[in-house]
Amino acid sequence: MNIYIKRKIINKLMCGAAFFSALLTLAPLISIFGYVISKGITSVNFDFFTHLPMPVGEHGGGMSNAIVGTLILIGLSCLWAIPLGVFGGVYLAEFGNNKFAAAVRFSADVLNGIPSIVIGIFAYTVFVLPMKSFSAISGAFALGIIMVPTIMRATEEMLRMVPFALREAALALGVSQSRMIVSIVLKTALPGILTGILLAIARIAGETAPLLFTAFGNRFWPQGLNQPIAALPLQIFNYAISPYDDWHRQAWAGALVLILMVFLISLLTRFVIKPKYRRKEMIWKQK
Amino acid sequence: MEAEIKVSNLYAYFGSICALRGINISIKEKVVTAVIGPSGCGKSTFIRCINRLHEVVPEAKLSGEVLLGGKDIYSADADPILIRRKIGMVFQRPNPFPALSIYDNVAAGLKLNGIKRKNDLDGIVERSLKMSALWGEVKDKLNASGVSLSGGQQQRLCIARALAVAPEVILFDEPCSALDPISTGKIEELLFQLKKNYTIIIVTHNMQQAARVSDYTAFFLLGELVEFDKTQDIFTKPKDNRTEDYITGRFG
């Protein structure tokens, strides 16, 4: 056979295989979305967002407390995990040419791989036991531990992508190193760091295991940060393993709302903290 | 003779590699001094020692004296940040700040050092852009990104950025090596204008460029200063054989 024709056939086959694989990876995502929407959409109504859960046997009710609870938990986690992660990332990228930084990097990667339930147990021992109560704080502590390594490594990677030439340019203008890091390096890397933070938020928004023995769940409105608090994933879990059809439908609705919430958070953040110039312009052409 | 630069016995190292070996040179103010020599001869390292940028490279060390207007910039009480404000630098590749607008790029050196008064900044930005012959091309889009400009415009933006902090000396590290001939011509014209007010040191690979733009030329080879004289003399009657070999293209 002509070698050119043979090459063309192999080319077609390989392209087809690559396309098919891409399609396959997309399939679970689309089917999950479709399934959750079809199952959940019928139970999502106004009451779902405004009402507390009803007692067993009574129809209706909603998950408003769990929605608020999840938002509170995310907010509390961000409050300590974002500053810690970003500052840690700055240290690793800008001053991290030593053994200590290598150790931090390694432990962050290990921490990233620790099952979230283990982190939940840890938060239980250091927070819940001494306080003698499940609480929102302990939940946020557990979730934050999951966020920190992700944010720290993302920040470090993004800062490292800022070319050395920009740092030199700032220094050559007689700018101090601290100003240079804040106003030039961090500013240039901001869109990437934000993406890292969003990924971390999206991840913890759906975490259930670490909340099982920290935030614990609650069928009423949040009563304070040192009290058990409701969270969507917990509520979904509890409702899904219950024997009641009505609760199953509510669990589907909760799953749909959770997905939409994560989607909304990332959309909002992108909109509010919009980089001044589009990414295409930001790409550094040299080096 | 305020911006006169006197370098004596300057040694510079990268780790254990010695990049400069005992440089002694005295650079006059308000003239253009070109630094030529083959790749890796220490030209760039030399000018980076003058604004204390050499030391930001990890493992870089140096010894010797660099006097600016009679004061040693490496003395214990010399603040590298203040020195770099007096000695601006333009790099080989245009490096405007991608996250900043054209206006903010020019104003960066001032803004980042706490000068925020809009009136002052407006004047300085306009003056700097006019001096770098870029004002006409960007005056209607000062809020566009600095990296939306062409390479030659970006380099002139970087020159404006250096001018805005009102330095006495400007170092150019092969400023035209990434530019096309027309942009190169513009930058060279600019050098003529700038030397009225600034002391200029330019590293270049291009000997024709050195001959065109400079009053004095220093020839470096293997980390040593081989010859330093008026440009005309260097190119017409070099005293050292190695200089002659280099400028006639026998090596390098």
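The domain assignment of chain A gives domain 1 (3-42) and domain 2 (46-282), with bounds that come from an automatic or database domain assignment. The C-alpha centres of these two domains of chain A lie 31 Å apart. This is a predicted model, in which local features need pLDDT of at least 70, side-chain atom pairs count only at pLDDT 80 or more, and totals for chains, interfaces and linings use all residues. Residues are numbered from 1 along each chain as its sequence is written, while chains are lettered from A and ligands numbered from 1 in the order in which they are written. The model scores ipTM 0.89 and pTM 0.83.

**Chain A: domains and overall build**

- In chain A, 5 residues of domain 1 are in contact with 5 residues of domain 2; two residues are in contact if their C-beta atoms, placed from the backbone, lie within 7 Å.
- On the side of domain 1 of chain A that touches domain 2 of chain A, the residues divide into 3 nonpolar, 1 polar and 1 charged. Here Ala, Val, Leu, Ile, Met, Phe, Trp, Tyr, Cys and Pro count as nonpolar, Asp, Glu, Lys and Arg as charged, and the others, Gly among them, as polar.
- Chain A has 12 helices and 0 strands; helices (H or I, at least four residues) and strands (E, at least two) are DSSP runs, numbered from the N terminus.
- The C-alpha atoms of chain A fill a box of roughly 70 × 65 × 35 Å, taken along the principal axes.
- Buried residues make up 38% of the 287 residues in chain A. A residue is buried if 20 or more other C-beta atoms lie within 10 Å of its own, exposed if 12 or fewer, and partly exposed in between, with C-beta atoms placed from the backbone.
- Among contacts in chain A between residues at least 6 apart in sequence, 73% join residues at least 24 apart.

**Chain A: local features**

- Helix α7 of chain A spans residues 164-172, and its buried residues are A:Arg167, A:Ala169, A:Ala170, A:Leu171 and A:Ala172.
- These buried residues of α7(A) pack against α8 (177-205) of chain A and also against two elements of chain B, namely α2 (80-86) and β6 (87-90).
- After α7(A) comes A:Gly174, with a positive phi near 80°.
- A:Phe216 is not a glycine, yet it has a positive phi of about 70°. A:Phe216 sits in the loop between α9 (209-212) and α10 (232-240) of chain A, and it is buried, with 21 other C-beta atoms within 10 Å.

**Chain B: overall build**

- Chain B has 10 helices and 10 strands.
- The radius of gyration of chain B, taken over C-alpha atoms, is 18 Å, close to the 18 Å that the globule rule gives for 252 residues, so chain B is as compact as a globular protein of that length. The globule rule is 2.2 Å times the number of residues to the power 0.38.
- A box of roughly 55 × 45 × 35 Å, taken along the principal axes, is filled by the C-alpha atoms of chain B.
- Of the 252 residues in chain B, 49% are buried.
- Among contacts in chain B between residues at least 6 apart in sequence, 68% join residues at least 24 apart.
- The mean pLDDT of chain B is 91, and 98% of its residues reach 70 or more; pLDDT is the predictor's confidence in each residue, from 0 to 100.

**Chain B: sheet and loop**

- In chain B, 4 strands form an open antiparallel sheet in the order β2-β1-β4-β5, where two strands pair if DSSP finds at least two bridges between them.
- The edge strands of this sheet are β2 (17-27) and β5 (71-72) of chain B, each of which pairs on one side only.
- Strand β1 (residues 5-14) of chain B pairs with β2(B) in the antiparallel sense over 7 bridges. B:Val7 has B:Ile25 of β2(B) as its bridge partner.
- B:Leu222 has a positive phi of about 50° although it is not a glycine. B:Leu222 lies in the loop between β9 (216-221) and β10 (224-230) of chain B and is partly exposed, with 15 other C-beta atoms within 10 Å.

**Interface between the chains**

- At the interface, 25 residues of chain B are in contact with 22 residues of chain A.
- The elements α2, β6 and α3 (102-111) of chain B give two or more residues to the side that touches chain A. Of these, α2(B) gives the most, with 4 residues.
- The residues of the side of chain B that touches chain A divide into 14 nonpolar, 7 polar and 4 charged.
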